[in-house]
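Subject: Structure handover

Hi,

Here is the structure I promised to pass on to you. Please have it open while you read, as my notes follow just below.

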Amino acid sequence: MLDALVETTGWHRDYARRAIRNALARKGAARDQQRKPRPRKYSYDALVVLQEVWALSGQPSGKYLAAVMDDTLERLVRFNELVRVAARVTEGVLDELRSMSAATIDRYLKPHRDARYPGALSTTRPSHILRSSIPVRTAMDGLPPGLGFYELDTVAHCGHTTKGEYLRTLTATDPVIGWTLLRAIRNNAHVNIRAGMDWLRRASPVPIAGMDFDNGSEFLNWSVIAWCDEREIPVTRGRPYQHNDNAHVEQRNGDWVRRHAFRYRYETEHELRLLNELHSLVMKRKNHLLPCVKATGWTHTTSGRKKRVYDTPRTPYQRLLDAGVLDQRTAERLAEEHAKLNPAAITRRITRIQQQLIDLAAARTQGTRPAA
């Protein structure tokens, strides 16, 4: 019987043997053996308040929201931001939210996730000049030894076509602590890239110890490399067409820039100012209030497959303080800024700016959409 079952179904013999044993132990038809779903552990009030907290805190994943739930609830209650669900907010409901696991949060919020955005266009063009003179840094080289080493990239706000001139966002992230800086610029001309990098030096909480680029011509040109040489900033680059070499900044491009600024086409000075105001709010929310994780090693599953191991979620601001490298003046400035942050007020302002950008750019972007 076992041989016939394996030949008919193509199953492995071990699986077929288990299936036969389970069938012998079963009482009744297979369709009657479905496990009844567990009753809901948390109250409906907790679910409604969770949705409001999730929306006001910037719609993070359950893994990140659970890590900062205590701090987020304290701020929302202190700033009286849960007015819409005030009738449901009790100490018992708040205790329920604090006790929720990351998986439970994701499961309860699944119906409320953002709709997917269409794929974006890439404007990175390989630069062959200078390539051989710049050291290569790959994904297998591990993290930099200290803070201040930034991965840089640009995001094109071109809509559905790369024709003409459009705005860009210069993204820089420190892979050690996750601190990220965003700056909208006019285009990829070297004067704008250099101006953006000057802003990065002023905005970085720690001195810049190095920069890692992709192979785009906006970075690998004599002007930008000379800017780095003048300031004694070491430069490395990734391998062509190997996005994992710049994995940290690529992730920020999607989660920080595309998710908040969408995939519309932006061109004007007014849109440039709105983008920079939007980026300022996103940096406050993501650097100070929402945690991130850092890969710490590898392990193996029971089946023998390799699996990444991550540390406990912490905000980039917490990681920056843990590093103990801030001077007193910078530490006091960041602490004062951190204490004043209201996640709900930040979300409301982000939403208003996003609506302005949609109104300004939606018609133009639709006009550039390629014919089906």
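Let me begin with a question: is Phe262 buried or exposed? Phe262 is buried, at a relative accessible area of 11%, which is under the 20% that marks the cut-off. You will find Phe262 in the loop that joins helix H10 (247-261) to helix H11 (269-289). Its backbone is worth a look as well: phi of Phe262 is near 65 degrees, a positive value in a residue that is not glycine.

Please keep in mind that this is a predicted model.

**The chain overall**

The protein chain has 14 helices and seven strands. Along the principal axes, its C-alpha atoms fill a box of roughly 80 × 60 × 50 Å. Of the 372 residues in the chain, 45% are buried. The chain exposes about 20300 Å², and carbon and sulfur atoms supply 52% of that area. As for contacts with a separation of 6 or more, 71% of them are between residues 24 or more positions apart.

**Two helix pairs**

The crossing of H5 past H6 is right-handed. On the H5 side, the contact is made by Met69, Asp70, Leu73 and Val77, and on the H6 side by Leu94, Leu97 and Arg98. Sorted by class, these are five nonpolar and two charged residues, with no polar ones.

The other pair is helix H3 (residues 44-56) with helix H7 (residues 102-109). Here the axes come within 10 Å and cross at roughly 95 degrees. That angle falls in the range of 65 to 115 degrees, and H3 is therefore roughly perpendicular to H7. Leu47, Leu50, Gln51 and Trp54 of H3 meet Ile105, Tyr108 and Leu109 of H7. This contact of H3 with H7 has six nonpolar residues, one polar and no charged.

**Residues in loops**

Asn80 is in the loop between H5 and H6. Asn80 is not a glycine, yet its phi is positive, at about 55 degrees. With a relative accessible area of 55%, Asn80 is exposed, whereas Phe262, with its own positive phi, is buried.

Which residues does Thr315 touch, leaving aside its neighbours within four places in sequence? They are Val68, Asn287, His288, Leu289, Leu290 and Pro291. Thr315 sits in the loop between strand E7 (306-310) and helix H12 (316-323). Its relative accessible area is 3%, so Thr315 counts as buried.

His243 is exposed, with 56% relative accessibility. How far apart in space are His243 and Ala226, C-alpha to C-alpha? The distance is 25 Å, for a separation of 17 residues in sequence.

Note on methods. Residues numbered from 1 in each chain as written. Predicted model: local features only at pLDDT ≥ 70, side-chain atom pairs only at ≥ 80, totals over all residues. Heavy atoms only, no water. Left-handed = near helix turned anticlockwise from the far one by under 90°. Helix = DSSP H or I, 4+ residues; strand = E, 2+ residues; numbered from the N terminus. Contact = heavy atoms within 4.5 Å. Nonpolar A, V, L, I, M, F, W, Y, C, P; charged D, E, K, R; others polar. Buried < 20%, exposed > 50% of the residue type's maximum accessible area, 1.4 Å probe, protein only. Areas by Shrake-Rupley, 256 points an atom, 1.4 Å probe, with all protein chains shown as cover. Axes fitted to C-alpha atoms, helices over the stretch in contact; angles between N-to-C directions. Parallel < 35°, antiparallel > 145°, perpendicular 65-115°, else oblique.
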